[in-house]
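These notes are for a colleague who is opening this structure for the first time. Please keep the sequence and the model in view while going through the points.

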Amino acid sequence: AVWSHMVLDWYAAGQRGKTPHTPAPGLTWQQIPILNQRIYDEHKDRPLLAVRADFDQSYEQLLSVAQTIPEAELFTRGCYAWTKSTTLASYFVSCGASHYHWANDLIRKWVKSRQTA
């Protein structure tokens, strides 16, 4: 959910002509493990129902926003200064669907480990 919120914030900043700090202020893309650890530390004690509600909301919001963006804007490299030589669609996939797939794999592995334990 956090990554979905981040990409939506980046997109909103781009819409205003701003260039957001990606992936986060003071961090580079090579420092993603640091950012992910910060996210984990901030949210690790949240109740599952709250996390799930945030996920559902962020998913719906990401989908809704993505559906309103013109195709040329989604698939033109560097359409926004903050996307540099990458497409906006790539950011939406990386911060949305790819994260969902990654998390789903981790959850399946965890469930399987619980069944064999």
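1. Asp 56 and Arg 52 form a salt bridge, with the closest N and O atoms 3.0 Å apart. A salt bridge here is a side-chain nitrogen of Lys or Arg within 4 Å of a carboxyl oxygen of Asp or Glu. Because Asp 56 and Arg 52 are four residues apart in helix 3, about one helical turn separates them. Asp 56 is partly exposed at 32% relative accessibility, and Arg 52 is partly exposed too, with a relative accessible area of 49%. The cut-offs are under 20% relative accessible area for buried, over 50% for exposed, and partly exposed in between, with a 1.4 Å probe and protein chains only.

2. A word on the source of the values: this is a predicted model, in which local features need pLDDT of at least 70 and side-chain atom pairs count only at pLDDT 80 or more, while totals for chains, interfaces and linings use all residues. Residues are numbered from 1 along each chain as its sequence is written, and side-chain values use heavy atoms, with hydrogens and water left out.

3. The protein chain has six helices and zero strands, so the order of elements from the N terminus reads α-α-α-α-α-α, where helices (H or I, at least four residues) and strands (E, at least two) are DSSP runs, numbered from the N terminus. The C-alpha trace spans about 50 × 30 × 25 Å along its principal axes. Of the 117 residues in the chain, 28% count as buried.

4. Among contacts in the protein chain with a separation of 6 or more, 58% come from residues 24 or more positions apart. Contact means heavy atoms within 4.5 Å. The chain exposes about 8100 Å², and carbon and sulfur atoms supply 57% of that area. Accessible areas come from the Shrake-Rupley method with a 1.4 Å probe; for residues, only the protein chains shown count as cover.

5. How many salt bridges does the structure hold? There are two salt bridges. Besides the pair in point 1, the side chains of Asp 54 and Arg 46 meet in a salt bridge at 3.6 Å, N to O. Asp 54 counts as buried at 18% relative accessibility, whereas Arg 46 counts as partly exposed at 29%. In general, side chains of opposite charge can pair when their charged atoms come close.

6. Leaving out residues up to four places away in sequence, Asp 54 touches Ala 1, His 5 and Arg 46. With His 5, the side chain of Asp 54 makes a polar contact of 3.0 Å. A polar contact is a pair of N or O atoms within 3.5 Å; within protein, one must be able to donate a hydrogen and the other to accept it, and residues adjacent in sequence count only if both atoms are side-chain atoms.

7. Thr 68, in helix 3, is exposed at 59% relative accessibility, and its side chain reaches the backbone oxygen of Val 65 at 2.7 Å. Thr 76 is in the loop between helix 4 (71-75) and helix 5 (88-95) and is partly exposed at 38%. A polar atom of the Thr 76 side chain lies 2.4 Å from the backbone oxygen of Ala 72.

8. Where else does Thr 76 make contact, leaving aside its neighbours within four places in sequence? Thr 76 is in contact with Thr 86 and Thr 87. Thr 76 and Thr 86 are ten residues apart in sequence, and their C-alpha atoms are 8.0 Å apart in space.

9. A disulfide is a pair of cysteine sulfur atoms within 2.5 Å, and the structure holds zero of them. Cys 79 is partly exposed, with a relative accessible area of 37%, while Cys 95 is buried at 3%.

10. Finally, a surface feature. Ile 107, Trp 110 and Val 111 form a nonpolar patch on the surface, with about 300 Å² of accessible area together. Patches are made of residues with over 30% relative accessible area and no salt bridge; like charges are joined within 9 Å, and nonpolar side chains (Val, Leu, Ile, Met, Phe, Trp, Tyr) within 5 Å. Ile 107 lies in helix 6, residues 97-116.
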